[in-house]
Amino acid sequence: MPSTITIAQNSAHPLTVNRLGYGTMRLTGPEIWGEPTNRSEALQILRTAIESGVNFIDTADYYGEDVTNRLIREALYPYSADLVICTKVGATRRPDKSWVPFNTPENLRTSIDNNLRTLGQEQVQLVHLRLMGHGPVPLDEQLGAMFEMQREGKILHVGLSNVTHEELEAGLKLGPIATVENMFSYAQRTTLSHAHGHNPGGEEVLELCEQHGIPLIPFFSLLHALPKQLDKIAEVASRHNATPAQVNIAWLLHHSPWLLPIPGTSLLAHFRENLAAKDIQLSAEDMSYLG
């Protein structure tokens, strides 16, 4: 099981990171809105992550809004040379806490400039264009704006998030796609439709990612798995003296070397528990049993 993964390996500026990152979404208040319930603990999680060797952090300026970016800067600035901060654009929040597209070229530029300002950076190393239904803005127009800002030096690498197999194929024809961030977990591997839209599944794009050497970053890797209290996960966890959450993360790490999990939490104890999952060595028999 590889301990690192390289982003944009065939480019002039590849980024190699340790293969368990941290997603900051849960550091915000309820419904991913407002300040954290425990601000000091949120800052401590970020500092502990870096001290523990995590050097890939996922954020977005619409978490909060702008809460996670400001926490990252407060906790970690000036940033260590090997830290990769990945953000997302293409969406925004309304006062009613709804999530809506923000994906015109002008919107995307506004979002990038805001991320640069709040993170205190001159260049964002990795930006995911999150697709939320194109509406009147076609994919080529959205990605075209991203690649233009990449040429300007505001973005180092461009990725896609919440993307179908067909959208990823289309994106690859438009320019270099460094990473993909999709919903993916042991318990939910394919597209999930719900009242607020749909989340394309990681399993549906994983083979294409592997073919092109594109890391796949799973989100909601514990959200859909833990409530189901799966018997097989519990059995393997007992065998390894681990928790179900740890086995869910370990399964992702073993499922494909192109997966870069970013489990998030607002509790320091849970963060340390999640981080320990990278040390669990699942056997071939374990993986076969889990399926």
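Biologist: Where is Ile 32 placed?

Modeller: Ile 32 is placed in the loop between β3 and α1. Helices (H or I, at least four residues) and strands (E, at least two) are DSSP runs, numbered from the N terminus. The model is predicted: local features need pLDDT of at least 70, side-chain atom pairs count only at pLDDT 80 or more, and totals for chains, interfaces and linings use all residues. Residues are numbered from 1 along each chain as its sequence is written, and side-chain values use heavy atoms, with hydrogens and water left out.

Biologist: Why is Ile 32 called buried?

Modeller: Buried means under 20% relative accessible area, exposed over 50%, and partly exposed in between (1.4 Å probe, protein chains only). Ile 32 has a relative accessible area of 9%, so Ile 32 is buried. Its phi is near 55°, a positive value in a residue other than glycine.

Biologist: Pro 30 lies in the loop between β3 (22-23) and α1 (39-51). Why does Pro 30 count as exposed?

Modeller: The relative accessibility of Pro 30 is 58%, and therefore Pro 30 counts as exposed. In sequence, Pro 30 and Gly 64 are 34 residues apart, while their C-alpha atoms are 9.4 Å apart in space.

Biologist: What kind of peptide bond joins Gly 64 and Glu 65?

Modeller: That bond is cis, with omega about 15°. Glu 65 is found in the loop between β4 (56-58) and α2 (67-76). The bond from Tyr 77 to Pro 78 is cis, with omega near 0°, and Pro 78 lies in the loop between α2 and β5 (84-93).

Biologist: Is Asn 241 buried or exposed?

Modeller: Asn 241 has 74% relative accessibility, so Asn 241 counts as exposed. This residue lies in the loop between α7 and α8, and its phi is near 55°, a positive value in a residue other than glycine.

Biologist: What makes Ser 221 a buried residue?

Modeller: Its relative accessible area is 5%, and therefore Ser 221 is buried. Ser 221 is found in the loop between β12 (216-219) and α7 (231-239). Contact means heavy atoms within 4.5 Å. Leaving aside neighbours within four places in sequence, Ser 221 is in contact with Phe 184, Ser 185, Leu 252 and Pro 263.

Biologist: Which residues of the largest nonpolar core touch the most other members?

Modeller: A nonpolar core is a set of buried Ala, Val, Leu, Ile, Met, Phe, Trp, Tyr and Cys residues joined through side-chain atoms within 4.5 Å. The largest has 42 residues, of which Met 146, Leu 168 and Val 180 touch the most other members. α4 gives the most to this core, with six residues. Leaving aside neighbours within four places in sequence, the contacts of Leu 168 include Leu 160, Ile 177 and Val 180. Apart from this core lies another of 27 residues, among them Ala 42, Ile 45, Ala 245 and Ile 249. In soluble globular proteins, nonpolar side chains tend to be buried together.

Biologist: How do you know that the radius of gyration of the chain agrees with that of a compact globule?

Modeller: The radius is taken over C-alpha atoms, and the globule rule is 2.2 Å times the number of residues to the power 0.38. With 291 residues, a compact globule would have a radius near 19 Å; the chain has 18 Å, so the value agrees. Buried residues make up 54% of the 291 residues.
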